[in-house]
Amino acid sequence: MLILECPYCGVKAEETELSPGYEAHLKRFGPGSSDEEFEAYMFARKNPKGVHFERWRHVYGCGKWFLAARDTNTLEVFGTYPAQSSEPPADLQDKIKAKRPDWKGYK
Amino acid sequence: MSNVVSALGNASFAGFAKITEVGPLGMISLRAKPDVKGLAEAIKAAVGTAVPAPREIEIAGGKAAGWMSPDEYLLVLPYGETDAALAAIAQAFGGAHHLAVVVSDARAVFRVEGAKADQVLAKLSPVDFATLGPKELRRTRAAQVAAAFWKDGDGYTLVCFRSVASYVMGLLTHSAMPGSEF
Amino acid sequence: MSTRLTRGGRLIDRTTSQEFAFNGKKMRGYAGDTLAAALLANDQMLVGRSFKYHRPRGIVAAGPEEPNALVGLGKGARFEPNQRVTTTELFDGLEAESQNHWPSLEFDVGVINNSLARFLPGGFYYKTFMYPRAAWKHLFEPIIRQSAGLGKVPKERDADRYEQAYAFCDVLVIGGGIAGLQAALVAGASGARVIVLEQSAAWGGRAPVDGDLIEGGSADGWIGAAVKTLSLMENVTLKMRCMGAGVYDHGYVLADEKVSDHTPGDGRPKHRLWRIRAAQIITATGAIERPLSFAGNDLPGVMLAGSVRDFVVNFAVSPGDRTVVVTNNDDAYRTAIALKEAGLAVPCIIDARASVTGVLPAKAKALGIRIEAGKAIAKVKGGKRVTGVSLCVQAGEGSVLEEIACDAVAMSGGWSPVVHLWSHCGGKLTWDTANAHFRPDAARPPTGADGAAMVVAVGNANGVMTVAEVLADAARGGAVAAQAAGFTAEAVAAKAQSVAEAAMEAVWVMPQGASPKLRAKMWLDYQNDVKVSDVQLAAREGYSSVEHTKRYTTLGMATDQGKLSNINGLAVLADALNEEIPQVGTTTFRPPYTPVTLGALAGESRGEIFQPLRKTPMHAWHEKNQAYFEPVGLWRRPYCFPRAGENHEQAVHREVINTRTALGLLDASTLGKIIVKGPDAGRFLDMLYTGVMSSLPIGKCRYGLMCNEQGFLSDDGVVARIDEDTWLCHTTSGGADRIHAWMEDWLQCEWWDWQVYTANITEQLAQVAVVGPNARKLLEKLGGMDVSKESLPFMQWADGTLGGFPVRVYRISFSGELSYEIAVPASMGAAFWEALHKAGAEFGAMPYGTEALHIMRAEKGFIMIGDETDGTVIPQDLNLGWAISKKKADFLGKRGQERNYLASPDRWKLAGFETLDGSVVPDGSYIIAAGKNANGQGNTQGRVTSTYHSPTLKRGIAMGLIKGGLSRIGDVVEFNTVTGGTVKAKVVDPVFYDKDGEKPNV
């Protein structure tokens, strides 16, 4: 059972205090978007064995959504950061690159 | 007002710790960003405390202000004083964006008292009581429902939703059964 | 015969005698006994029957690895099946019964399976599935069903309480033997928070039994001092009778504390399941001895050598007067020496090794014990207990050299580290050829949240086998763990003298060239009756994967999960496949280490607090007034209020008619209520709802629909504009939390620069729907505010007081009648509800429940989320296009609804249905269409979504989705029924009652 530190309140919350929100950094495509764009937004989800970015909500705590970078294979957590981020913080990306030289980036 | 009743009518249970449903207690949910003008004045006017630090609760007599999230505070005060507090809050904020709403009736409040009160809660919540700060307001779950508690005097005050008050009373009773202390 | 010795027994208290019963027979033991020790002390060698062949079985081991000696423990509401006698502490009044036999333990009819053994080979179950098919149904299935299962299922509700608790530490030590204690001493001294778990009721493990000397004194002395030191450390918690069950992600460990198994009925919880979060975990879980595979190794009296020693030293119980020891290592000589020193006879030590040179064999020889090197047991003689063994050479095929009379056999095939907890969360193993066992590979440990090792194995569990090395390894492990948890620790180990042991020799079959006949009597898995011959057969039949072989033969699938059989079984498989053991590998170790009772896993979640039941402020009134409740999410809402002599259907119909003709009161408190406030609140709601909410005038109400991004309908409800920047959104009863979370998701993650706050105030307000032609009369009687049509018209709201209660009144109607929905603070809900009933009596007020609500809304053609919608329905399907703004550039779901297949004229759309015969269309019915689909199933053209008997129209009415929707009005279609027939119905307008909506608008 995972532990993720909520970047808003600092609680090291266990998984039962959180609710998952699946892949992070999706770009919303609304009216006017092509079928391909909408399909990518709605359905095409990454499922990597390795570094992955996810949305989590501290639902039994401060109620805030945050983002987490972790390895889906080893469950190593590289870091958590606020949901109001359009891309992972640079220092977090550096940390992941150092630990996983083969990592191709979050996009 | 005689028509006002708390969720369980102040039910209690004496096990290795004492459980009491208290209230009705006045509560206001205040949502505002920490840097918004008027926040400190609003909290001071409503409950007489400073703005609580993250994850802490400031207690002053029968009133308190707790930090619930980066833009949410829980104000605790006597049940009958919420309307006056709302007015004071509105005045303090002027036109600044905020939301203050009475939630007194949406909550049930319990006191868990005794030397081993923490054990009652440790059976229900994934919380490390050894590292719980003296002023910490911990939001978590108690078994299957949301709860928040803080240390106050020789025990803890626990807040949950009113609709699950009898469930939470059942949990606390089960956990405080005589002989089940560690 | 097995008996109690007159002297010794380090764990028993001879001054406290305890009476217990086995199969109704009264016996006596001592405080400190395990049930196994007490049974052996009473010469109860035969304790059970095996699963498949019903062979007589005795106690093999002294610990949790015991496969045979499972009993039903306790009576009635405290009965528990499949309890291991070796881990059951004796208490006065204990009652146990043996399992898996009929009619009695001594005489069991099922043993006939034993003579049929050659017809019940490995994979027997799977083979019976294959052919002939009739044989499975009429022959095999009834037999297997009859003989399947070990213990009996308890019939009564469990009388005991269980609980769970959370604990946190820096270093968790699993195992309270000398390794665990040494590791804890080192970690504790560093200042780290340490928890030590010991599964049994005694600290120290097996070191005292082996006679090890630590710091110049007895192991017992050192253990006592160590426990005392630890108990005085404030940062150390010792937990006895607490089994580390499983290691999970990020240092999460489950441990099962047997709080009152040994003191049943004393009021304490029976078990407490600890949910421990540790920064570092030390597994000091010891090792388990392996049986040797020789013919007849399952007879009662054949035991593990170390366990024989445990019984003698710990409990002063001898398994027999004459015990033959059979081994492939030096350690088993300790058993021979212990037996001899206890005054018992050891006719022979049979050692499979050709050359026997060690210190321990020399000591045994000096005690006058005969040692036969390079020899083996060809066969154990006896029926329900051992009477002797026949000796042969290990290198041969089993020609008998000599018969040796004995009443017990102590066997040792070497020791396997308990690697279970190391392995649970991904720790890898390495094969140790010298000791012929798998041990933890420190280079490939389980890793935690930081990507670093989170488990350290120490002592026997790490494959370190002698006492001095164990203590040094444990001190090292304690320091490593404490340092990893952020403390400064020094690996200071207690000093001990180890007796040098000569190398063991792997022996997987005894004798090595044993005939098929002998191999068919060599048991690997005692509980599931898997023999050497079964594994070899599986290999011949093509099973080369150890995981497949396990499932095919059921090797290691019994309640002991292969603690004794695993290594022996895969060694036999490897040999049969001509591969090395490490290439074949092991099966996966999964938690729990030993079975955890379901009660502990359920914890407090039983009875009244099985799950949270949400109750409205009026719940007590409903209970007092005989409400029949139904679940709505976690809420319990009155379905109806039956009166004396009424069934539910009659009650519902009365409630509908009364509401339509007089006055009904509905507890609508569960309705979701969410405040949305801020300068951008209008803009936000316009994105959330398909319609426009920003233009709603203050004081007015508007019905709105919410869709998910795919365009499918997700929730609906009435929105009220409270002031310039505040709206109140009503959601469905089940949807309040979900919709509030949905709002917060968009505000936090997408439009975080919008100035909007939300608050879910669902529970702040009790809400009552006052419904029916007399509704206004009631409110006027209560008085306090103007509720006239002029002051408070339909689809408006107003604040005020009624009968002294502070209220907000909404003129909205889900029933089609004149209706006021009135909100009061929840703390006044009960009083307000009672006041309405009291004042409403003269107007015919009656409470109504959810079923009457459903019928009335269906009569009006109002949709219900979850009935008309199922996550694949768009508002247009329900003829709700009027509630979708054409002007808005964007709202959640707009793009999804633009997908071309959602615009298809073939989509099923909402219509009403009236059966031709007035009956009620069965729930779940489909509208049949001509022809069959590709799978040969009948085609369909629609389905029912809501179907009721309308008491108002006195006939069956239904809503449903049908291809063509309202364009089909007038058609007659057929709904299928469960019994196979069909019901004919006419397609009609779904508004059955008051089509022009005049009734609520008065």
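**Where chain A meets chain B**

Start by selecting the interface of chains A and B: 11 residues of chain A are in contact with 10 residues of chain B, contact meaning that the C-beta atoms of two residues, placed from the backbone, lie within 7 Å. On the chain A side, the residues split into four nonpolar, four polar and three charged. For these classes, Ala, Val, Leu, Ile, Met, Phe, Trp, Tyr, Cys and Pro count as nonpolar, Asp, Glu, Lys and Arg as charged, and the others, Gly among them, as polar.

Before moving on, some housekeeping. This is a predicted model, where local features need pLDDT of at least 70 and side-chain atom pairs count only at pLDDT 80 or more, while totals for chains, interfaces and linings use all residues. Residues are numbered from 1 along each chain as its sequence is written, and chains are lettered from A and ligands numbered from 1 in the order in which they are written.

**A hairpin in chain A**

Select residues 65–71 and 77–82 of chain A. These are strand 5 and strand 6, running antiparallel and joined by five bridges. Helices (H or I, at least four residues) and strands (E, at least two) are DSSP runs, numbered from the N terminus, and two strands pair if DSSP finds at least two bridges between them. Zoom in on L67(A), whose bridge partner in strand 6 of chain A is Y81(A). Five residues sit between the strands of this hairpin, and L75(A) takes a positive phi near 70°.

**Chain B as a whole**

Now show chain B as a cartoon: four helices and 11 strands. Its radius of gyration is 16 Å, close to the 16 Å that the globule rule gives for 182 residues, so chain B is as compact as a globular protein of that length. The radius is taken over C-alpha atoms, and the rule is 2.2 Å times the number of residues to the power 0.38. Along the principal axes, the C-alpha atoms of chain B fill a box of roughly 55 × 40 × 30 Å.

Next, pick out the open sheet of chain B, with six strands in the order 1-2-8-11-10-9 and antiparallel pairing. Which strands stand at the edges? They are strand 1 (12–14) and strand 9 (137–142) of chain B, each with a single partner strand, so one side of each is left without a neighbour in the sheet. The twist averages 25° from one strand to the next. For a close-up, take strand 2 (residues 18–22) and strand 8 (residues 107–113) of chain B, an antiparallel pair with five bridges, where I19(B) stands opposite V112(B). Angles run from 0 to 180 degrees between N-to-C directions, and axes are lines fitted to C-alpha atoms, for helices over the stretch in contact.

**Over to chain C**

Select the contact of chains B and C: 34 residues from chain C and 38 residues from chain B. Strand 9 of chain C gives the largest share of the chain C side, five residues. By class, that side has 17 nonpolar, eight polar and nine charged residues.

Then find the five-stranded open sheet of chain C, ordered 38-39-40-37-41 with antiparallel pairing. Strand 38 (701–707) and strand 41 of chain C are at the edges, each with a single partner strand, so one side of each has no neighbour in the sheet. Seven bridges join strand 38 to strand 39 (residues 713–723) of chain C, with R702(C) partnered by V719(C).

**Last stop: two helix pairs**

Select residues 178–189 and 467–484 of chain C. The axes of helix 5 and helix 12 of chain C come within 7 Å and cross at roughly 40°. That makes helix 5 of chain C oblique to helix 12 of chain C; under 35 degrees counts as roughly parallel, over 145 as roughly antiparallel, 65 to 115 as roughly perpendicular and the rest as oblique. The residues of this contact divide into 14 nonpolar, three polar and no charged.

Finish with helix 14 (residues 532–540) and helix 16 (residues 566–576) of chain C, whose axes come within 9 Å and cross at roughly 40°. Among the residues that meet here are V532(C) and V535(C) in helix 14 of chain C, and G569(C) and V572(C) in helix 16 of chain C.
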